[in-house]
Every structure is written in C-alpha cells, then in structure tokens.
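Good morning, and thank you for joining this group meeting.

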Amino acid sequence: ITELSLLDLRMSATRTFENESFILKYLPAGTKRITARGDYRVTAGYRLTPGVSLALENGTTVARFPNPEILSVELIELRFLDERDGWANRIKPEDRSALLNELRQQMRQEAEKSGLLEKSDTALQDRLRELLGTPDIRIERPPEPAP
C-alpha cells in the first residue's frame, strides 16, 4: 500500500482558451476561442512513505504521517461550451490539448485551496479514533529536509 485515500470529491472547473493571430503581422486572421467545463473526481489523502507509524507515548496515540496532498485529479466528463474559429485562425487539436492541461491544473489548484487537505487530517484523526477506540490522537509530521 503506497497511498491512503481519505476523501473523494466531485468538483468542476471551467476554462477558456483564446488566441488572436495575424498574417504578416498586420492583417488580423481572427480570434479562435474554446470554452470547456470539466467534471473531475479529486482524491486527497497521504502518500505512505517510510517512517509512517503509530505509537503509544504517555497514554496518547501518536500517528506519524506526511503532509496530506491531492492524490489524483481524474476527468469524469468534459463538455465544450463554446468553440469559435477565426476566419484564418482555426482551432487545432493542440489547442484542445492545451486547454485540457490547463483545466486539470486549475482543478488541482482549486482543490488545494478548498480546504480539502485540512479535511484529510480531520478524517485521519476520526478514522484512527474509530479503529483504535481512543479519543487522544496526535498527528506528527516528519521534519522537513534541510535545504
């Protein structure tokens, strides 16, 4: 087991790709535009690295876990809401690919900002309380490596 997934949410993001081009620097070729909405399955939890442990210290359960992180961002459904070609500036497969990459990155950033990582710590404490039957659980992080 290399991951402990604690939260699994469905989230959405919308992104627009727009590009205006010119022929010979002076003649406008038009603006191409794509707007897409993606529905994603976002999973948060822990990557279980060496050093993860549970111990009993002075009557308190101490769980040593790494920082929580977004484990996966999986596309469930993609809808193109708007597609417009310029008169000589056509939408290409590379444009759609760039939009999908930006959309996925946006979803990962929104998931991190949403408080999902903090909820992972709370979920970990709750699960450990249930499994171990003890109310006192402390989560410790490994020391950060020196730069």
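I begin with a pair of side chains: E77 and R10 meet in a salt bridge, with 4.0 Å from N to O. This pair links distant parts of the chain, since E77 belongs to strand β5 and R10 to strand β1, residues 3-23, and 67 residues separate them. Please keep in mind that the model is predicted.

How exposed are the two partners? E77 is partly exposed, at 35% relative accessibility, whereas R10, at 54%, counts as exposed.

Let us turn to another pair. R41 forms a salt bridge with E74, and their closest N and O atoms are 3.3 Å apart.

D121 pairs with R141, and the closest N and O atoms are 2.4 Å apart. D121 lies in helix α2, residues 116-132, while R141 lies in the segment after β6, so the pair ties together parts that are 20 residues apart in sequence. Salt bridges that share partners also join R10, D39, E77 and R79 into one network. The count of salt bridges comes to 21.

I now move to the protein as a whole. Its secondary structure comes to 2 helices and 6 strands, and from the N terminus on the elements run β-β-β-β-β-α-α-β. The C-alpha trace spans about 75 × 35 × 25 Å along its principal axes. The radius of gyration is 23 Å, but a compact globule of 147 residues would have one near 15 Å.

Which residues does N89 touch? N89 sits in the loop between β5 and α1. Leaving aside residues up to four places away in sequence, N89 touches N19, E20, S21, A29, G30, T31 and K32. Buried residues have under 20% relative accessible area; N89 has 6%, and therefore counts as buried.

Finally, buried residues make up 33% of the 147 residues in the protein. Thank you for your attention.

Methods: Residues are numbered from 1 along each chain as its sequence is written. This is a predicted model: local features need pLDDT of at least 70, side-chain atom pairs count only at pLDDT 80 or more; totals for chains, interfaces and linings use all residues. Side-chain values use heavy atoms; hydrogens and water are left out. Helices (H or I, at least four residues) and strands (E, at least two) are DSSP runs, numbered from the N terminus. The radius of gyration is taken over C-alpha atoms; the globule rule is 2.2 Å times the number of residues to the power 0.38. Buried means under 20% relative accessible area, exposed over 50%, partly exposed in between (1.4 Å probe, protein chains only). Contact means heavy atoms within 4.5 Å.
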